[in-house]
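Notes follow in the order I went.

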Amino acid sequence: MSSGLAAAPEVELPGLTLERRRAKRKAAWRRRRLVLLLMSPWIVGFSVFFGYPLVTSAYLSFTHYDLLSSPRWIGLSNYRYLLGTDQQIWPAVYNTLWMIVVAVPLQVAFAIGIALMVARARRGVGIFRTIFYLPALAPPVAATLGFVYILNPANGPVNILLKHLGIDGPLWFQSPGWAKPSLVLLGLWGVGNIMIIFLAAVLDVPEHLHESAQLDGAGPLRRFRAVTLPSISPVILFAVVIGVIQGLQYFTQAYVAANIASGQASQSADITSNLGYPEQSTLFYPVLLYQNGFRNFEMGYASSMAMLLLVVALAVTVVILVNSRRWVHYRGTAS
Amino acid sequence: MSSTSVPLTMPFVKRKPPASVRRRRFLIAVANHSLLIAVSIAFLAPFFFITLTALMTDNQALSAALWPHPFRWSNFLDVFHKAPIWRWTLNTMMYAGLATLGLLLSSIPVAYALSRLRWRGRDAVFLVVLIALMLPPQVSVVPLYVMWAKLHLVGTLWPLIVPNWLGDAFSIFLLRQFFLTIPEEYLDAARVDGCGELRILGTVVLRLAKPAIAAVALFSFLYTFNDFFLPLLYTGENPHNWVLSIGLSEFRSLHQVQWNLTMAATLLVMAPVIVLFFLAQRAFVEGVTLTGVKG
Amino acid sequence: MKRVAAAWFLLVAALSLTACGGSSGKSSKASSAHPVKLTVWAGWSASTHELKVFKGVVAEYDRKHPEVKIKVVGDIVDTKILAAIRSGNVPDVVSSFTSSNVGKYCPTGAWIDLAPYLKKDKISLADFTKTPLYYTQYKGKRCALPLLADTFGLYYNKAMFKAAGITSPPKTMSQLTADAQKLTQKNPDGSLKVVGFDPASGFYDGAPNKVLRFASLFGGHYTDAKGHSILSKDPAWAKSMQWVKNLIDWYGHDKLVRFQAGLGDEFSASNAFEKGKLAMVEDGEWRVAFIDLEHPNLDYGTAPMPVDDSHPELYGSGHVNGTIIGIPKGVPHPAEAWALVKYLTTDTHALAKLSNGLRNVPTTKESLKSPELKPDPHFATFLRIIDNPKSNTAPITTVGSAYQDLIQTFALKYQAGHVSDLHAGLVNLDKQIDAQLKQAETGGAP
């Protein structure tokens with residue numbers, strides 16, 4: 001029942017006086033203001049550091065821009081070069097895809113394996129957890145430097161040890177065939193943070209599930225497949241997603257390894273062909289993008305590379321998320 | 001039996017089994033976990049080799065020798081003479097410290113708004129946050145560089161610090177996941193007491209979310225400490241503002257190094273993080289678990 | 001609520017205010033009483049003696065000219081220069097080792113045109129030596145001047161020659177191959193102990209890279225009259241790359257890589273030639289100064305590089321390159337900057353002092369005859385090489401040195417045995433270079 005004053009057209013709800021309606025609207029308005037305030041940093045940040053660059057990248061990808069003069073519109077020329085003529089693109093794409101397809105499953109499997117082993121050690125869990133987590137803490141540059149030294153084909157400790165065993169060690173970072181596997185080894189060394197998550201998940205599997213499976217006569221392998229694996233599948237999804245995201249951005253280790261392994265002193269080392277050493281085997285897509293955009297200052301072309309990367313990243317993310325429902329089991333309510 | 005807290009069932013007095021039995025049990029344990037131990041040794045080996053090389057002379061480092069002869073502890077001091085490690089450390093601390101601070105200040109309110117307040121478009125915005133999380137930074141890097149260049153800030157640390165003061169997708173995501181787990185009863189109780197939403201955020205939520213906030217602070221500090229790509233981009237050509245990761249990567253070419261000094265420098269750069277880990281072990285592990293299990 | 005927002009704005013404002021002071025190299029507005037501050041960027045490194053020599057010469061100028069105060073920054077590479085010009089924090093005078101990039105600096109105006117300054121001060125280009133004049137301009141636009149030149153020759157270990165019974169340095173490629181094989185020593189396990197001559201690209205390589213330098217010795221040409229790349233049409237390229245590959249295969253490619261991985265850095269005191277791990281090496285004339293300082297007792301000799309057996313007339317020539325110096329766009333005191341550039345590039349005393357200290361070749365005709373030059377039999381070889389009319393340099397293009405990187409990338413693949421058809425590979429390389437140049441000129445990707 002409305003009271004008194006001729007009110008604005010409002011639905012007559014039984015029991016709601018105008019005062020209460022006004023108070024409700026005021027509360028809603030105050031809440032919106034609050035949300036706006038709380039979200040304001042993100043709104044500004046998103047517009048400036050995400051929205052604006054995406055739009056501008058798209059625009060720049062149709063221009064020739066070297067930062068010395070204003071952008072010059074050249075239409076699809078960059079894309080034609082990107083998808084047709086540039087001979088460096090396909091090695092870059094291949095390397096990045098290789099990294100994702102090979103390194104991510106290896107890292108996840110390795111992390112699960114170690115987590116299972118550590119979970120078994122009842123008393124030393126803390127120590128082992130520390131041992132495996134420590135390398136993941138090492139700054140990537142430091143870890144890469146260390147590995148390039150350790151895997152030096154001539155005098156690195158690894159090849160020296162192998163020589164004592166009578167094996168001629170491979171050329172590691174100096175060989176185009178072994179450079180990426182060397183990077184994968186480096187990645188496996190740093191698998192600690194994923195391993196800890198798996199460890200927590202494995203330890204979290206309810207004991208009674210294991211027991212009932214054992215009663216049913218299931219061996220350890222079967223138990224793993226039927227009990228453990230489904231329970232940790234959300235973590236597997238998480239690890240795969242993280243791995244793929246990191247694979248698409250893979251830069252630091254490749255850049256540092258290529259520079260150090262090619263052994264050029266800075267004096268005459270203005271040579272961009274260092275990146276991807278040896279023979280473009282470590283030329284990943286983000287590295288090539290950096291080279292084109294910030295060594296050659298071909299910013300228009302680099303923007304077109306960025307657009308391609310964006311499309312691929314979105315596609316991969318969607319594919320993973322859509323397929324996740326199929327084989328991820330959530331215990332109880334979804335997290 | 002006295003009436004104090006002595007339990008009715010007396011604890012079983014464990015007598016230590018004889019040494020030979022203990023040794024046998026230990027050996028069995030080792031055999032049981034032989035693979036684990038082998039992999040652990042493999043994991044520790046790189047640290048071991050790096051340390052050994054850091055203690056060698058330059059000629060030894062280049063040769064096939066595995067053990068330093070003599071032990072040159074002075075290498076660690078030499079590193080400080082060869083390169084401006086202190087300045088790099090200062091730059092790194094400034095970047096990591098200011099970025100982490102800003103990140104916390106800006107991400108907590110956003111995470112709260114995305115989790116405990118109901119408003120139209122909330123889930124859409126969260127989806128956008130997720131998407132921003134997944135996209136490689138290389139996608140947006142060219143126009144941002146142009147923008148900072150036009151502002152004459154390329155070569156300084158500001159392009160690295162400022163974005164963190166305007167929210168960080170990963171922290172927002174983590175904090176939001178954690179805030180979701182806070183039982184509504186606590187918040188309702190505070191609301192009933194007449195607290196405004198901001199007050200609730202500042203007192204109740206912050207106190208309850210301390211472990212999550214600590215974890216986020218720790219991770220963002222770690223992430224910015226280890227960051228390489230963005231510092232390379234913005235300060236790569238200005239050695240005065242190099243951070244540790246850039247400095248270390250350039251260390252080899254700075255003074256025609258000398259693997260022994262490079263390995264010493266590598267250890268020095270790894271050290272703060274490892275020390276931090278041992279000091280804040282619990283926060284680390286809890287935080288990592290938080291990311292994975294709640295993620 | 002409002003307080004939070006206000007705090008935000010204050011913070012952002014504070015950040016932006018304090019940020020504005022982050023420039024480097026900008027000279028202050030000078031009044032007549034205060035000296036103009038100039039910053040000079042140079043490629044010479046603080047980790048070697050070279051930067052000290054350069055700083056010494058600049059300091060002399062500084063003392064004689066109280067109206068300027070000069071700071072020298074070393075270890076500069078071209079990426080730094082390009083980044084600085086784009087972000088607006090430019091030094092007043094800049095120099096570079098990568099002369100090929102003059103094709104990027106001149107047309108875009110990144111380095112300013114020096115012609116009016118040369119005219120005003122009545123400096124004739126004929127004062128400078130021929131080849132350095134070429135790599136300091138692009139299509140007639142002169143934005144740089146040469147600051148000492150480099151050339152490459154053969155360094156050989158006399159003691160090892162004596163031990164192997166070789167009486168004189170090789171003059172042809174087949175002699176070089178034979179000598180290299182004779183001088184190579186192996187360890188008992190078959191790995192390489194001493195290598196006679198390592199022609200591999202990427203090893204102790206620089207700009208200009210080895211492929212280009214060897215091509216000079218085979219008489220290679222880069223482009224035809226229309227400017228198209230002819231690496232597949234000029235037989236010199238295939239011949240030189242095959243020669244390199246044959247020698248590498250004789251050592252065993254993997255064995256050589258392993259050997260290289262255990263050597264010291266090129267510009268350190270553990271340089272492999274200086275340490276006796278390489279019997280012969282093709283290196284720049286600056287190596288004389290390094291050996292003088294680091295291993296004065298090394299018994300070595302210098303000679304022009306051997307040349308293609310079918311082109312004996314090329315003997316005595318070599319690939320020429322050098323340091324270039326110029327003034328970037330947007331400097332506040334171009335007059336003072338030019339005065340310094342003029343001094344460094346034309347003053348005979350300055351050039352002689354730099355040449356003595358760096359063992360680089362002076363770039364004006366007068367300084368080449370200066371009595372201040374300290375004679376050195378090892379260094380004299382290089383003075384003759386630069387004088388040789390057949391000495392040449394790589395072409396300047398708008399992509400700077402990018403096409404040279406393409407060549408090196410291909411050579412690295414070929415020498416590793418990953419190119420099955422050399423000719424087809426060279427044809428493809430030509431296509432790549434042409435596409436790269438076309439895109440750079442009409443706009444688009446490199």
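This is a predicted model: local features need pLDDT of at least 70, side-chain atom pairs count only at pLDDT 80 or more; totals for chains, interfaces and linings use all residues.

From α5(A) I got A:A143, A:T144 and A:F147, and from α7(A) the partners are A:S182, A:L186 and A:W189. By class that contact has 4 nonpolar, 2 polar and no charged residues.

I then followed α5(A) across to chain B. Helix α15 (residues 259-279) of chain B packs against α5(A) at about 150°, with the axes 9 Å apart. This crossing is left-handed. On the α5(A) side I noted A:A142, A:L145, A:G146 and A:Y149. On the α15(B) side I noted B:W259, B:T262, B:M263, B:T266, B:V269 and B:M270. The tally for this contact is 7 nonpolar, 3 polar and no charged residues.

Zooming out, how many residues does each chain put into the A-B contact? I found 77 residues from chain A and 68 residues from chain B. Helix α1 (residues 18-60) of chain A gives the most to the chain A side, with 20 residues. That side of chain A splits into 60 nonpolar, 14 polar and 3 charged.

For the A-C contact, I counted 44 residues of chain C against 39 residues of chain A. Several elements of chain C give two or more residues to its side, among them α1 (2-19), α3 (78-87) and α18 (422-442). The top contributor there is α17(C), with 6 residues. The chain C side divides into 19 nonpolar, 16 polar and 9 charged.

Last entry: I wanted to see whether helix α5 (residues 85-115) of chain B has the end-to-end length its residue count implies. At 1.5 Å a residue, its 31 residues should span 45 Å, and the end C-alpha atoms are 43 Å apart, so the two agree. I looked along α5(B) for a bend and got about 25° at B:S107. A proline, B:P109, follows within four residues of that spot.

Technical notes: Residues are numbered from 1 along each chain as its sequence is written. Chains are lettered from A and ligands numbered from 1 in the order in which they are written. Two residues are in contact if their C-beta atoms, placed from the backbone, lie within 7 Å. Ala, Val, Leu, Ile, Met, Phe, Trp, Tyr, Cys and Pro count as nonpolar, Asp, Glu, Lys and Arg as charged, and the others, Gly among them, as polar. The expected span of a helix is 1.5 Å times one less than its number of residues. The bend at a residue is the angle between axes fitted to the seven residues ending there and the seven starting there. Axes are lines fitted to C-alpha atoms, for helices over the stretch in contact, and angles run from 0 to 180 degrees between N-to-C directions. A crossing is left-handed if the near helix is turned anticlockwise from the far one by less than a right angle, and right-handed if clockwise.
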